[in-house]
Amino acid sequence: MPPPSRRDLANLLRKLDSNASLQALTTILELCCDESNRAVLAAAGAIPPLVRLLGPEVPVDVQMNSAAVLSTLADHNTANAFSIATAGAIAPLVRLLRSPGAFKSVHLNASGALVALVESDIAQIAAGIAAAGAIPPLVKLLGSDSPAMLQQNAARLLGSLAQHAEYAASIAGAGAVRPLVRLLGLGHSAKFPLVASSDGDAGRAPWRRTQHCCCGAIPPLVQLLGRGSGSNVQREAATAPGKLVRINEAHAVPIADAGAVPLLLQLIGPGADSIMKQIVAATLIFLANVPEVAPVVVAAGAVPPLVQLLGPGTNPVTQQNAATALVSLAAHAGAAQAIVAGGAIPHLVRLLAPDPGPHAFVKQNSGAALLGVLAKRAAVAQKIVAAGAVPALVKLLVANLDAFVQQNAAMALGRLAQDDDVAAIVAADAIPALVQLALGPGASAAPPEAARQATVAELTRLFSGAADGAGPVQPRASTDDDTRVSTALSTLRTLNRDSAERRVLVAFATAGVLAEMEWRRCYRPEDTQA
């Protein structure tokens, strides 16, 4: 429908405040079919009178159509959503959710408008919807007596609200879990809100108070894993266990007892799509990280398929997820041998390679961490060296400024050195790289003076021989930079063991790095830290 003239638009908006409001709303809905008209209507001042038509004194059919127009205006339009919320639409829309049960069309339009508002990702809108008391009526609208589209709208709204940890307990306490699981079982693709991500203790505590609700959802959720391959329902169900464990580790044992692990592994069998592989590998991270459940994961046969996901045909995020899960599993009986036997080492060495992609440092970190765990066994350490891991690990010390990657690379080299595989490590110029790492967080910056002096003193003990037979190097502090410094010192100490030649190498490397730092301090002060 073409845009109206300015005069026709003004007349149309005046009708909203008259007895002809229903006719005007019908015309506006037709205009909104053209997305360009939505901006014209908002700019002309349509939003305030539309919000007024949500009032309780207005006929129900007018309220219903006004909600439909507001839903269309807010859909994928953050500016309009903000204007509608600011004009006071949230409270009357929530009130419409509580209308008598016969008014399902009112519920549908009001919930649709709230979905469009909350999916604008404006935090104040979510807060306003929760504060207006939307959660109880939304849970009620999940019932089987509501039309399917209305149930979908209610689930989407609860899902968006549950992204904010402070509302999760209220949603669970209102009894949302079981109807949401029922919706998943019917094939609905709406997000399952009660397993939305939440970070930190503030988000975790409310869930402990409602743990019985989540545990009640676990058996039907696990049953959904057995449905047809590749469905949206399966993806949602495969995501749920990991998120539940992330919220509260106490969920892990009931999830395992319900038989989730074998079903999850079936989902990454031959023919599985890449998204499902990524989801399942992520879920297995959380299950493998729980000591009571990790043996169940190993016994179910998770190691071979996870090793396969490390291969070059897998997307980087899935490779990272698989390596991280295997780090936790490797500590359990038989898992490390199975990881090596499955051919993981060449894959892990490939993960260490330079990569311009956005997930490079995460892959490198996971690969270095798992190689460090596997290197605890002498026979495996020799295979790691033979696969060419040492040069790749040394490169991570000098080319990667991520503290965790450098720390795990230094730790892996230290583990390899403990098994007397030091020749390859020294030949790869690991000593200068480790000294550089110990003396500063990067080539262009020096650590604070007091910390640097303490590190120099420790290095002096190493290359003078005074450290022979001494206790382990003590970490200087708890920051990421200081942890990698301590790891670098520990690896140097292992390399330095019983070798005058290597003490000389440490001394020369230390002197060289200190000279470079002094030059930077004198001639390029802008590159150094205060």
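Because the model is predicted, local features need a pLDDT of at least 70 and side-chain atom pairs count only at pLDDT 80 or more, whereas totals for chains, interfaces and linings use all residues. Residues are numbered from 1 along each chain as its sequence is written, and side-chain values use heavy atoms, with hydrogens and water left out.

The secondary structure comes to 33 helices and zero strands, where helices (H or I, at least four residues) and strands (E, at least two) are DSSP runs numbered from the N terminus. Of the 530 residues of the protein, 51% count as buried; buried means under 20% relative accessible area, exposed means over 50%, and partly exposed lies in between, with a 1.4 Å probe and protein chains only. Contacts, meaning heavy atoms within 4.5 Å, reach across the sequence: among those with a separation of 6 or more, 71% come from residues 24 or more positions apart.

Confidence is expressed as pLDDT, the predictor's confidence in each residue from 0 to 100; its mean over the protein is 81, and 79% of the residues reach 70 or more. Over residues 442–446 the pLDDT stays under 50, and the model has 16 contacts for this stretch beyond four places in sequence. Residues 467–478 also have a pLDDT below 50, and the model gives this stretch 26 contacts beyond near neighbours in sequence.

Two helix pairs can be followed in some detail. Helix α5 (residues 60–74) packs with helix α8 (residues 104–118) at an angle of about 25°, their axes being 8 Å apart; axes are lines fitted to C-alpha atoms, for helices over the stretch in contact, and angles run from 0 to 180 degrees between N-to-C directions. The two helices α5 and α8 are therefore roughly parallel to each other, since angles under 35 degrees count as roughly parallel, over 145 as roughly antiparallel, 65 to 115 as roughly perpendicular and the rest as oblique. Their crossing is left-handed, a term used if the near helix is turned anticlockwise from the far one by less than a right angle, with clockwise being right-handed. On the α5 side the contact involves residues including Val-60, Met-64 and Ala-67, and on the α8 side it involves residues including Ser-105, Asn-109 and Gly-112. An α-helix has 3.6 residues a turn, so residues three or four places apart point the same way.

In the second pair, the axes of helix α19 (residues 274–288) and helix α22 (residues 316–329) come within 8 Å and cross at roughly 25°, and α19 and α22 are therefore roughly parallel to each other. Here α19 passes α22 in a left-handed crossing, with Ser-274, Gln-278 and Ile-285 among the α19 residues that make the contact and Val-317, Asn-321 and Leu-329 among those of α22.

A nonpolar core is a set of buried Ala, Val, Leu, Ile, Met, Phe, Trp, Tyr and Cys residues joined through side-chain atoms within 4.5 Å. The largest has 99 residues, of which Leu-287 and Leu-306 touch the most other members. Leaving out residues up to four places away in sequence, Leu-287 touches Val-245, Ala-252, Ile-255, Val-261, Leu-264, Val-293, Ala-294 and Val-297. Apart from this core lies another, of 63 residues, which includes Val-94, Ile-135, Leu-138 and Leu-183.

Helix α30 (residues 430–439) is mostly covered, with eight of its 10 residues buried, among them Ala-430, Leu-434 and Leu-437. In helix α11 (residues 148–162) sits Asn-153, which is buried with a relative accessible area of 7% and, beyond its neighbours within four places in sequence, is in contact with Leu-108, Ser-111, Gly-112 and Val-115.

His-76, in the loop between α5 and α6, is exposed with a relative accessible area of 76%, and its phi is near 55°, a positive value in a residue other than glycine. Asp-429, in the loop between α29 (422–427) and α30, counts as exposed at 52% relative accessibility, and its phi, near 60°, is likewise positive. Most residues other than glycine have a negative phi.
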